[in-house]
Amino acid sequence: MQNALATILQPTASQAAQTLYTDNATIWNHMSDALHQSLYRVLSMLISILPGILAFFVALAVFTVIGMVLSAVLRRGLSMVKFDERMTRNRGNADWTPLTSPTALVARVSFWGCVLLGLIIGVSAFDASYATAATLPISLLPYLTHSVGAILLLIAGNLIARFLARSVLIGAVNAQLQYARFLSLGVKWLVLVLTAAMALDHLEIGGRVVELAFGILFGGIVLTLALAVGLGSRELVSRSLESHVDRTGEHSTETTAASASESIRHF
Amino acid sequence: MATANPVPDVTPTPVEADTCLLVLLTAMPMEQLESVLTNLTTSFAAESLLIAAAEALPKDSYPHLQFVSAPATRPSWTLTAADFVNAHQLAQKNNARAVLMLGPGADSLGLSALRDLAHAVQGNGSDLAIPCYDLPPQAGLLNSALLYPLSRALFASRVRFPLAIDLGLSMRMAERLSGVAQRLTGINQDDAPLWPIHEAVAAGYAIQEIDAGSRVMPQPSAPDLNTILPVVAGSLFADIEAKAAFWQRARQLPTARIAAAAERAALPDASADIAPMLQAFQLAYTNLQGIWSLVLPPNALLGLKRLYTTDAEAFRMPESLWARIVYDFVLAYRLRTINRGHLLGALIPLYLAWTASHINIMAAGMSSEQHVEAVAAAFEAEKPYIVSRWRWPDRFNP
């Protein structure tokens with residue numbers, strides 16, 4: 001009895017296979033539909049922003065050509081009026097004098113100015129077409145523009161850090177501070193930490209964690225430097241005070257070394 | 001520093017009355033001014049002089065002298081661009097035939113020096129009369145280390161004090177210097193020093209060096225080497241850069257003048273303590289190697305390494321090493337290898353090392369003047385090095 005019932009209730013092998021086939025086909029159809037729809041959406045988005053991309057490249061190319069023409073015209077015109085010679089006569093020994101000739105500098109600035117203008121116009125055209133076709137979120141684009149800003153920040157920060165570190169190093173060595181290198185490194189890392197924090201803030205990464213970490217690091221470096229300079233320059237301060245007292249006549253005794261060094265006149 | 005207060009012990013030989021000499025007195029204290037005026041009236045016929053000064057002059061005390069007011073300039077330890085502009089403008093306005101510029105402390109200048117400076121530009125066919133001071137061996141060291149050797153090697157001039165603070169100028173020389181000075185004042189560099197020797201040599205004007213004896217040299221108001229050396233060296237390097245096309249051509253150095261100041265080759269009056277200078281150099285060697293290696297070739301760095309390990313008693317910087325170091329810094333200034341302020345700051349410890357070496361050499365018995373001449377000769381010998389590197393800076397330089 002039980003066997004008979006079991007035989008009745010058990011589905012046949014062909015029936016099971018048919019059901020499985022039907023289920024698989026349904027899943028495949030769903031997946032295929034999903035993929036098709038996704039592909040359609042991406043393609044339609046690409047098609048809608050394609051004019052923007054094309055506009056970007058056309059604007060860049062046109063303004064690059066304009067920049068090249070303008071640069072060549074300026075180069076020729078300034079050479080004709082002997083711009084370099086006039087500038088050399090008038091500039092004196094200023095520290096900011098450029099490495100290249102003034103004519104080349106003007107030509108380059110005009111060329112890169114045009115390229116930058118083309119870039120801005122292209123991006124704005126792309127932005128307009130993107131906004132109209134923003135049926136799908138593209139979070140990468142705004143992030144990309146922020147990344148460019150962050151990279152520029154990092155480059156500027158690195159240059160400033162190197163310049164200040166070198167200034168401090170040379171100044172401290174000429175002031176005969178024994179911890180000149182330490183001071184220079186401290187200044188360099190101060191600027192680098194500040195730059196890194198600014199770049200992360202610009203990228204909106206980290207949020208309050210970055211602010212907190214920056215505060216701790218910056219404060220730590222300043223405290224370390226203050227302690228190092230304070231403890232290390234005790235002798236310097238005392239020497240300075242002694243020499244002041246000597247100058248005002250309150251201190252009558254003069255060391256032999258001081259009198260000897262006074263006999264040397266550099267000018 | 002030795003000072004000399006000249007006593008009018010020489011019979012004055014006044015210049016011709018029909019020649020007008022403009023005497024420009026730079027900013028100096030009133031007692032110095034009065035002393036200078038006394039010396040001038042002793043040396044020259046009063047009617048041939050026109051005195052110009054920014055300060056209120058005691059006209060009542062000198063009724064025979066003609067006075068003219070000069071625009072006020074900032075007090076400086078050397079002649080500045082503004083002084084040269086004023087001198088030419090006043091000379092032109094008053095139809096002067098020559099100009100005598102006297103710097104601070106000119107009351108210590110001898111009467112014969114005053115007369116010779118004026119005579120040279122009034123009737124002797126010279127355009128620039130420049131004094132040769134008799135300074136103590138340990139004075140004017142920046143001039144001995146840098147200004148004189150560079151000026152002699154590159155501009156073929158034996159003038160011992162290229163940055164002299166008393167000058168005699170013919171009108172065309174005054175005009176040329178005024179032109180250079182106006183470019184500097186036009187960009188607010190009124191206090192910049194000028195290089196009259198370079199201008200005169202470049203223009204092909206006649207230069208006469210006058211033995212001026214001892215003189216009190218004014219010191220900068222803030223005698224800080226870290227401030228003054230970059231200013232002076234920077235101005236000199238800029239002038240060398242501006243006249244590159246001129247000095248790269250080979251020129252014959254004029255024969256050595258038989259100077260009355262041969263006694264300058266005397267032994268030092270006191271041995272100075274070189275320990276602070278050596279400490280400065282050693283500190284710089286341990287910290288500034290990264291910067292020096294951007295400017296100096298490996299050979300010079302090796303020479304500095306040897307110096308670093310040398311004892312204080314045996315500390316001697318070879319003349320050729322110093323010459324090459326200076327030339328490399330001139331080249332780096334031109335190429336802007338690093339920021340110019342940094343570059344000139346990095347030169348200071350090396351200059352102090354040279355000073356320590358100079359003092360050691362004097363202590364060993366060699367006279368200051370002999371050593372300075374040896375340094376200048378080394379600069380001349382190494383001139384092909386800077387000419388080559390100036391033209392082909394990227395060429396391999398061991």
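**Domains and contacts of the complex**

Guide: The domain assignment, which is automatic or taken from a database, divides chain B into domain 1 (20–247) and domain 2 (271–391). This is a predicted model, in which local features need pLDDT of at least 70, side-chain atom pairs count only at pLDDT 80 or more, and totals for chains, interfaces and linings use all residues. Residues are numbered from 1 along each chain as its sequence is written, while chains are lettered from A and ligands numbered from 1 in the order in which they are written.

Visitor: How far apart do the C-alpha centres of the two domains of chain B lie?

Guide: The C-alpha centres of domain 1 and domain 2 of chain B are separated by 29 Å.

Visitor: And how many residues of each are in contact?

Guide: In domain 1 of chain B, 21 residues are in contact with 24 residues of domain 2 of chain B. Two residues are in contact if their C-beta atoms, placed from the backbone, lie within 7 Å. On the domain 1 side, H4 and H7 of chain B are the elements that give two or more residues. Helices (H or I, at least four residues) and strands (E, at least two) are DSSP runs, numbered from the N terminus. By class, that side of domain 1 of chain B has 15 nonpolar, four polar and two charged residues. Here Ala, Val, Leu, Ile, Met, Phe, Trp, Tyr, Cys and Pro count as nonpolar, Asp, Glu, Lys and Arg as charged, and the others, Gly among them, as polar.

Visitor: Let us turn to the two chains. How many residues of chain B are in contact with chain A?

Guide: There are 42 residues of chain B in contact with 28 residues of chain A. Two or more residues on the chain B side come from each of H4 (141–155), H5 (171–186), H7 (225–242), H9 (275–287) and H13 (340–363) of chain B. H13(B) provides the largest share, seven residues. The chain B side is made up of 24 nonpolar, 14 polar and four charged residues.

Visitor: What scores does the predictor give the complex?

Guide: The complex receives an ipTM of 0.83 and a pTM of 0.77. Chain B has an average pLDDT of 85, and 91% of its residues score at least 70; pLDDT is the predictor's confidence in each residue, from 0 to 100. Over residues 1–18 of chain B the pLDDT is below 50, and this stretch has 38 contacts in the model beyond near neighbours in sequence.

Visitor: Now the strands of chain B. Is E1(B) paired with E2(B) in the parallel or the antiparallel sense?

Guide: E1(B), residues 21–25, and E2(B), residues 49–53, pair in the parallel sense over five bridges. Two strands pair if DSSP finds at least two bridges between them. B:Val23 has B:Ile51 as its bridge partner in E2(B). Together with helix H1(B), residues 30–43, these strands make a right-handed β-α-β unit. A crossover is right-handed if, with the strands pointing away from the viewer, the path from the first strand over the helix to the second runs clockwise.

Visitor: What about E4(B) and its pairings?

Guide: E4(B), residues 98–102, pairs with E1(B) in the parallel sense over five bridges. In E4(B), B:Met101 is the bridge partner of B:Leu24, and B:Leu102 is that of B:Leu25. E4(B) also pairs with E6(B), residues 166–170, in the antiparallel sense over five bridges, and there B:Leu167 is the bridge partner of B:Met101.

Visitor: Which residues point each way from E1(B)?

Guide: B:Leu21, B:Val23 and B:Leu25 point one way and B:Leu22 and B:Leu24 the other, and all are buried. A residue is buried if 20 or more other C-beta atoms lie within 10 Å of its own, exposed if 12 or fewer, and partly exposed in between, with C-beta atoms placed from the backbone. E4(B) likewise has both faces covered, with B:Ala98, B:Leu100 and B:Leu102 buried on one side and B:Val99 and B:Met101 on the other.

Visitor: Back to chain A. How many helices and strands does it have?

Guide: Chain A comes to nine helices and zero strands. Of its 267 residues, 13% count as buried. Among contacts between residues at least 6 apart in sequence, 75% join residues at least 24 apart.

Visitor: Why does A:Leu70 count as partly exposed?

Guide: A:Leu70 is partly exposed because 16 other C-beta atoms lie within 10 Å. A:Leu70 is placed in helix H2 (residues 13–80) of chain A. Not counting residues up to four places away in sequence, A:Leu70 touches A:Ser110 and A:Cys114.
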